[in-house]
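Reader: I have the sequence and the model up. Can you walk me through it? Keep it short.

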Amino acid sequence: MTASSTTPIVLVILNGKGGVGKTTTAVNLAAIFAETQSVLLIDADSQGSASWWTGRSPNALGFDVVQAESPAQLGQLPQLQTHRLVIVDTPPALDSEALAAVIPVADYVLLPTPPAPMDLAALITTVNEAVSPSGVAHRVLLTKVDSRSVGEAIEAQNTLLELNIPACNAFIRAYKAHERAALEGVPVLKWKGKNSQEARSDYCRVAEEIQRDWKPL
Ligand SMILES: Nc1ncnc2c1ncn2[C@@H]1O[C@H](COP(=O)(O)OP(=O)(O)OP(=O)(O)O)[C@@H](O)[C@H]1O
Ligand SMILES: [Mg+2]
């Protein structure tokens, strides 16, 4: 796939399950990438979590946020063409119609999931049935990893490797800092408090890793 300097890269954050860290990933990656390029965050979840989070500090964000009524509306958003990077936060329980609408607009799909076997099993089905067949570049991102049992994350990475499903080497550890930052309406990059550095550096590592993937895009 090729992209000229005027065509945005569209990064879609996706997982059919709820509460896995999609919005946390979308908001934090938007803040990190916004340090070096123009970023638009599209909240395609009717729950409006990303809009709620970012709406309380619009001037401190460094990126733009718009709401899409549904994933099906994405392709028509005029703002899509005016930013270098577009990050799309999606709702849980995406039905096959919504998936079919969102995957064709994506240049890259990032799939956050906790490493617990039940969460992982559901995600593997989504990757195999909807993401891999489309041919879009993608990686699984392990989230909410208990820093006292990092072995579980490494085991999950190995499982994915055996199934030929690409996963990020970096993973996101579970820290209260992520909940606090959301409550205070700022990305963790801008939040100061216990474990904020660790929380921030996890997402910075992921940003570096996925950016290397789309250099050729
Ligand atoms: N790495 C983390 N450490 C601690 N808490 C986290 C982490 N990631 C997310 N959370 C918390 O878990 C909850 C769910 O996260 P989030 O809203 O990002 O998930 P989601 O997949 O977008 O959920 P939904 O499907 O409902 O949109 C939130 O309370 C969030 O603050
Ligand atoms: Mg969400």
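**Walking through the model**

Author: Start at aspartate 45, in the loop between β2 (39–43) and α2 (49–54). Helices (H or I, at least four residues) and strands (E, at least two) are DSSP runs, numbered from the N terminus. This is a predicted model, in which local features need pLDDT of at least 70 and side-chain atom pairs count only at pLDDT 80 or more, while totals for chains, interfaces and linings use all residues. Residues are numbered from 1 along each chain as its sequence is written, and chains are lettered from A and ligands numbered from 1 in the order in which they are written.

Reader: Is aspartate 45 buried or exposed?

Author: Aspartate 45 is buried, with 23 other C-beta atoms within 10 Å. The cut-offs: buried takes 20 or more other C-beta atoms within 10 Å of the residue's own, exposed 12 or fewer, and partly exposed is in between, with C-beta atoms placed from the backbone.

Reader: What is aspartate 45 in contact with, leaving aside neighbours within four places in sequence?

Author: With those left aside, aspartate 45 is in contact with Ala50, Asp89, Thr90 and Pro91. Contact means that the two C-beta atoms, placed from the backbone, lie within 7 Å.

Reader: And how far apart are aspartate 45 and serine 70?

Author: They are 6.8 Å apart in space, C-alpha to C-alpha, and 25 residues apart in sequence.

Reader: Now glutamine 67. Where does it lie?

Author: Glutamine 67 lies in strand β3 (residues 64–67). It is partly exposed, with 17 other C-beta atoms within 10 Å. Setting aside neighbours within four places in sequence, glutamine 67 is in contact with Asp43, Gly48 and Ser51.

Reader: Change of topic. Which residues come nearest to ligand 1?

Author: Gly18, Lys22, Thr23, Thr24 and Pro92, out of 19 residues around ligand 1. The elements giving two or more residues to that shell are α1 (22–33) and α6 (176–183). A residue counts as near if its C-beta atom, placed from the backbone, lies within 6 Å of the molecule.

Reader: What is the shell made of, by class?

Author: The shell around ligand 1 has 6 nonpolar, 9 polar and 4 charged residues. Here Ala, Val, Leu, Ile, Met, Phe, Trp, Tyr, Cys and Pro count as nonpolar, Asp, Glu, Lys and Arg as charged, and the others, Gly among them, as polar.

Reader: How many residues of α1 are buried?

Author: 12 of the 12, so α1 is largely enclosed by the rest of the structure. Among them are Lys22, Thr23 and Thr24.

Reader: What about the largest nonpolar core? Which members touch the most others?

Author: Ala30, Leu41, Ile87 and Val88, of the 64 residues in that core. The largest share of this core, 7 residues, comes from α1. A nonpolar core is a set of buried Ala, Val, Leu, Ile, Met, Phe, Trp, Tyr and Cys residues joined through C-beta atoms within 7 Å. Leaving aside neighbours within four places in sequence, alanine 30 is in contact with Val39, Leu41, Phe63 and Ile87.

Reader: On to α6. Which of its residues are buried?

Author: Ala177, His178, Ala181 and Ala182 are the buried residues of α6. They cover an arc of only 135 degrees around the axis, which puts them on the same side of α6. The arc is that of the directions from the helix axis to the C-beta atoms. On the other side of α6, Lys176, Glu179 and Leu183 are exposed.

Reader: What do the buried ones pack against?

Author: The buried residues of α6 pack against α1, α2 and α7 (196–214).

Reader: What phi does asparagine 164 have?

Author: A positive one, about 60 degrees, although asparagine 164 is not a glycine. Most residues other than glycine have a negative phi. Asparagine 164 sits in the loop between α5 and α6. It counts as exposed, with 9 C-beta neighbours inside 10 Å.

Reader: And lysine 144, buried or exposed?

Author: Lysine 144 counts as buried, with 21 C-beta neighbours inside 10 Å. It lies in the loop between β6 and α5, and its phi is positive, near 50 degrees.
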